[in-house]
Amino acid sequence: MTVPRKPAPAQPFRLPHGGAIDRSQPLRFRFDGCDHDGFAGDTLASALLANGVHLVGRSFKYHRPRGIVAAGAEEPNALVQLDTGARTEPNVRATTIELYDGLVAASQNRWPSLRLDAGALASAVSRLLPAGFYYKTFMWPASPRGWRFYEHWIRRAAGLGVGASASDPGRYAHRHAHCDVLVVGAGPAGLAAARAAAASGARVIVCDEEREPGGRLRGVAGASVDGTSAPAWLAAVGRELAAHPQVTMLARTTAFGYYDHNLVGLVERCPGAASEHLRERVWHVRARRVVLATGAHERPIAYAGNDLPGTLLAGAARAYVERFAVRPGRRAVVFTNNDTAHAAALVLHAAGVEIAAIVDVRPDTALVGHWPGQARAARLPILAGSVVEQARGRLHVRGVDVASRDSGARCAITCDLVCVSGGWNPAVHLHSQARGTLRYDDALATFVPAAAAQAVASAGAANGCDGLAAALAEGHAAGLAAAAALDLVAVTPPPAPAATVATTGPLEACWSIPARSRGAPSFVDWQNDVTTADVALAVREGYTSVEHLKRYTTLGMGTDQGKTANVVGLALLAQLLNRPVQSIGTTTFRPPYTPVTLGAVAGHEAGPFLEPTRRSALHDWHAAHGARFVTAGLWLRPHSYPRPGETPDDAANREARNVRTNAGIVDVSTLGKIELQGRDVATLLDRVYVNRFDNLAVGRCRYGLMLRDDGIVQDDGTVSRIAPTHYLVTTTTVNAVRVMQQLEYLIQVEWPELDVYATSVTEQWCAAALSGPKSRAILARIVDIDVASAAVPFLAITRCTVNTPAGAVPARLLRVSYSGELAFELHVPADQGPAMWEAVLAAGEDLGIMAYGTEAMSTLRIEKGHIVVGAEADGRTTADDLGMGKLVNAGKWCIGKPLLSREALVAPDRWQLVGLTADEPAVPIPRGAKLVADPDRAAPNPMLGHVTSWCWSPNLDAWIALALLDNGRARHGTTLWAVSPLADARVRVRVGPPAFVDPDGERLRG
Amino acid sequence: MADATNPRPAGAVGIPGAPGVTLGPVGIASAWNVQGAGAAALAPALFGTRLPTEANTLSSGPVTALWLGPASWLLVTGAAPLHSFEARRDTLNDAGGALFDVSASRVAFVLHGPRAQEVLAAGCPLDFDPRVFGPGCCAQSVYDRVNALYANVGGAPAAIVVMVARSFGRDVWHGLCTAASEFGYDVGPARPWPGMLVR
Amino acid sequence: MLLIPCPWCGPRNQIEFSYGGDATVRRPPLDAPMEAWTDYVYLRDNPRGPHDELWLHAAGCRRWVVVRRDTRTHEIAGSAAAGPGPAGAGRVIDASGGPPAEAA
């Protein structure tokens, strides 16, 4: 880092003592170009607050200044751009970033700077940008272009962070895991559940998103469990579980998705800055039972200016004091409708924060719980029956206006911190993702889990449970119950952890405080800038369904998915509709619970490992001899073997020419190969192929064509009879898996009475096709049998031995030809493929043999007019379209035959296979050309057909093609135009039969 | 076995000290697929081995017989190849069964060491806990997206053999090494199919 | 990712299976009229609720199985061999009974 550093200020808001931080490990970090100090154990948010930095971003739509609101994963505001360069990550919550030395982060969505943001003009005119504004305004002029014109500018103005432009050097991994009981959340309830389940003999996985267990109990020195202080109890239980052989403790691990059949997705963040280090790991946990102890999120109350920096959720303010020894302000107003904020006020007070007032919406008579009593005893000023109407300030809160609900009397209170609590929402996300139902609880004024839909139970605050003692008891019971459901019961069940019960007074539902005047907006959803006025507008315009409200206002659609916003928004909708909240329901909870990086999703399946690669046994030879590879399905195949100075196409032309003059050898190992045995193989083949196989003799092979049930060509290949009850079937490379699956289906399900057994032998045999007029001479030099035509006629299969320097290699020899030349296929066990291949090349060296790739192979087969399934047989063509109608045996049934006589399949105007030759040798037939009679005719120009395969024929010195052409066989001898409007190319073509070389097949039979 | 003896992947993080896992290629002399309901009765006479009838188990001896499916097994030998394929095939065909020579179809790797289970869990959804997948268990599943056959051939801690189609061998080897790099690993020498290890 | 009970291998991850479509359609007799064949090839019900469907345990034992899956919830009521299966097979297993450990 060569940028001169600004001097690092002290940490003016750090408390001298306490917190779960390591003061012996100071860390230096940089935020928006300014250096700060923090400690190990800090989050970026706590370290910023320790340095007095509240303003961390501008809001999404109005560019309003925003500060840190929460202390955990629910944070809506403090999204930062973390790190730089290839490792940069946008929209990361500062509240979940563990501080490390040298951390660099920047605020987002501001220009030119955070304090002076041009986009904040939007804030001044926010009333002109209501919900649905974009939909209503930017559609003019009424054409698709209208939106596109504006979109560019809107996306710029309303952006968040930016993605990395360089490839991420970090590593990511996945792991599958199994357990009896998965406990999500290691707060008090989760720890109690894990301990109880493990004591019952269950295999347990416990995950928690924080770096150490404890949840909201972390750092709470005032609480005690089982007679010891909470921090000591947490440490002891954490150690106990980590050492337990049946328990896996996963820290820094978020359960982000609950999927079908109790599959839970976790993402584990692995600390460390080394670029080769594992950054994140996704766990696929298949759990027999799940206990959700995911805690609860505090919700705010909407009032004018409730988004000013310096506004924190009360529980978060407390956590910053207790967990991080950070004072989030000097003088605080606490605004609440429940008892928990009174406890927070006491913690702040003890840390030296002046409590200017606890503004409680409840009347004095409702403040009967333990914590309001303690607050009174500590002489904290409590304004019961009052509300915060408005917060004042520009870049930070400077004070609030408080009004009495009874008298209407108002007063202004100066403060630099507002701690707000509108109650707590159980984190029901995973319960709901598992399709569990929710119930609105009037006492808690929120949704709590009702019926579970999978093998899952919620416990503790996630279940709406109130207080530490109850959470411990409920977690313990849930752990025992989960184990018991699996018949795992401890001989002597451990006692439940115990804590003191604190009485609580009733909560009073309070969602929003009506604004007195047209002041600052009241925000419901901080992240997406949704205000109470937006909700009201949506209702006025008829968007009264919760799903419509969400989409119209974007409520809850930010990266925080409305963790702090949704329940408030729903309750406001219910109020406006004058209906109970229960009847409003919630929007659908979907994974992920918190954002998951694409790197984690991909795991190590990235770059060359995006999908598995299949390599032939000859791959290393191809690579060593300069092959340029292409993919065919998952296979890597040699396209051609360019020599120095040659382009790949030059090489392919040379290779193709050589096959017709001398000989060539091509790797055809990728073809699907299936062996069939049994007494009824011929019967099966007769039902599967259009042609007959019951009369195929041992030692012979035959071309076969396979249809789909709808009569369309599915695949082709050869069938060889190796022995009376043993057959070899080949398929195309791409259909190998599908054909095998279909044969297995037919054998197992449709015709189980047939005595047929099948296995795929694609991987067993390395296959090479030796083609060309000199192929027989070459073969004769290395095999142990007579290969004259009388001994090995066209379409024969026989066994032989290939003599190689490495020894004799057993082989199957097939006399089949794809190139149209005299040709043989040698099949040898895959591990002996290289020996066979090199022996053939050595034997043919003086006769001019060359290896050839798939491009030359394609040229040769186009010249010969052989079809390819996928090009000529394109899922719409019949056997007759391809000129193979006579292959369909009239005397027997086969798959696809009943529908072959459909009117559409026998119509006279079907597209039929033809050959095309370009009139001008210098003008290529354009790729994917369509065939028309008159290229200059105005659109729509009737399309008579299209080109399916095309190549430069080095043997004919012309551009040739195969094509499917309307009534093509009747058009032989005519001329048409092959045109490509995309390439702006055209060429005149002559139509002829689809065979350019040796149409009578004399060569291949020679 | 040229496919399997890939060098360590670049960027592997070795951990000093004892490796968490040792992995290495395994040689297969013969691998024959036996099918058919009639095969089980003939197997002891034909192959000198019992065909396991319990799903996802193997029976060990000079020839290891792995259960592949109902009425389908894989006979594997490491050092000595099996002979007389055609005569045995004809016997099985006559009895309502089949015999396919797939000796070169698969490549195999063996993993052992304290972290072997975690290396496998990086790519396979099976539960490799010894209480679930103990010695003598075999199962077909996937490694990453490649079909794979796993066999616990015993030993302490147990050695697990992974067999995959030959064409995927290099990818799977790379995947295993990448997963193992987290724990540090050694590449052991190629060795023949082990049968059952008893220690 | 579903956990599909294979009648032979027990509950296994969906990634090991290949979907084969509606298990309730039957190939018509060979001499059936054209209408029966077009129905067989083209017409499928789209039931809401339990549905018998074919899955091939492609990365496992390579047997075709019939799985009764609720199309609303993905709940699987059980599975059985598709077709008669080899001798001794074809038992219907109750998905809720077996342990969901993914290896037998």
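User: In what order do the 6 strands of the chain A barrel close?
Analyst: This is a predicted model, in which local features need pLDDT of at least 70, side-chain atom pairs count only at pLDDT 80 or more, and totals for chains, interfaces and linings use all residues. Residues are numbered from 1 along each chain as its sequence is written, while chains are lettered from A and ligands numbered from 1 in the order in which they are written. Strands (E, at least two residues) and helices (H or I, at least four) are DSSP runs numbered from the N terminus, and two strands pair if DSSP finds at least two bridges between them. The barrel has antiparallel pairing, and its strand order is S45-S48-S47-S46-S49-S50 (chain A).

User: Which residue stands opposite Gly915(A) in S50(A)?
Analyst: Strand S45 (residues 911-918) and strand S50 (residues 985-992) of chain A run antiparallel and are joined by 4 bridges. Opposite Gly915(A), the residue in S50(A) is Gly992(A).

User: Which are the edge strands of the open sheet of chain A?
Analyst: This antiparallel sheet has 5 strands in the order S36-S37-S38-S35-S39 (chain A). An edge strand pairs on one side only, and that holds for strand S36 (701-707) and strand S39 (757-760) of chain A.

User: Why is S36(A) said to be largely enclosed by the rest of the structure?
Analyst: A residue is buried if 20 or more other C-beta atoms lie within 10 Å of its own, exposed if 12 or fewer, and partly exposed in between, with C-beta atoms placed from the backbone. S36(A) is largely enclosed because its buried residues number 5 of 7.

User: Which residue in the turn between S36(A) and S37(A) has a positive phi?
Analyst: S36(A) and S37(A) run antiparallel, joined by 7 bridges, and Leu707(A) has Val713(A) as its bridge partner in S37(A). The two strands form a hairpin with 5 residues between them. The phi of about 90 degrees belongs to Gly711(A).

User: How many residues of helix H7 (residues 314-324) of chain A are buried?
Analyst: What covers the buried residues includes helix H1 (44-50), strand S17 (311-313) and helix H8 (340-350) of chain A, among others. Just after H7(A), Ala325(A) takes a positive phi of about 55 degrees. H7(A) is mostly covered, and its buried residues number 11 of 11.

User: How are H12(A) and H14(A) oriented to each other?
Analyst: The axes of H12 (residues 532-540) and H14 (residues 566-577) of chain A come within 10 Å and cross at roughly 45 degrees. The contact involves Thr532(A), Val535(A), Ala536(A) and Val539(A) of H12(A), with Gly569(A), Leu572(A), Leu573(A), Leu576(A) and Leu577(A) of H14(A). Angles under 35 degrees count as roughly parallel, over 145 as roughly antiparallel, 65 to 115 as roughly perpendicular and the rest as oblique. The two helices are therefore oblique.

User: Which element supplies the largest share of the side of chain B that touches chain A?
Analyst: The contact takes 36 residues from chain B and 33 residues from chain A. Elements of chain B that each supply at least two residues include strand S2 (30-35), helix H2 (85-94) and helix H4 (169-180). The largest share is 4 residues, from H4(B).

User: In what order do the elements of chain C run from the N terminus on?
Analyst: Chain C has 1 helix and 7 strands, and buried residues make up 40% of its 104 residues. Of its contacts with a separation of 6 or more, 50% join residues 24 or more positions apart. From the N terminus on, the order is β-β-β-α-β-β-β-β.

Terms used
Contact = placed C-beta atoms within 7 Å. Axes fitted to C-alpha atoms, helices over the stretch in contact; angles between N-to-C directions.
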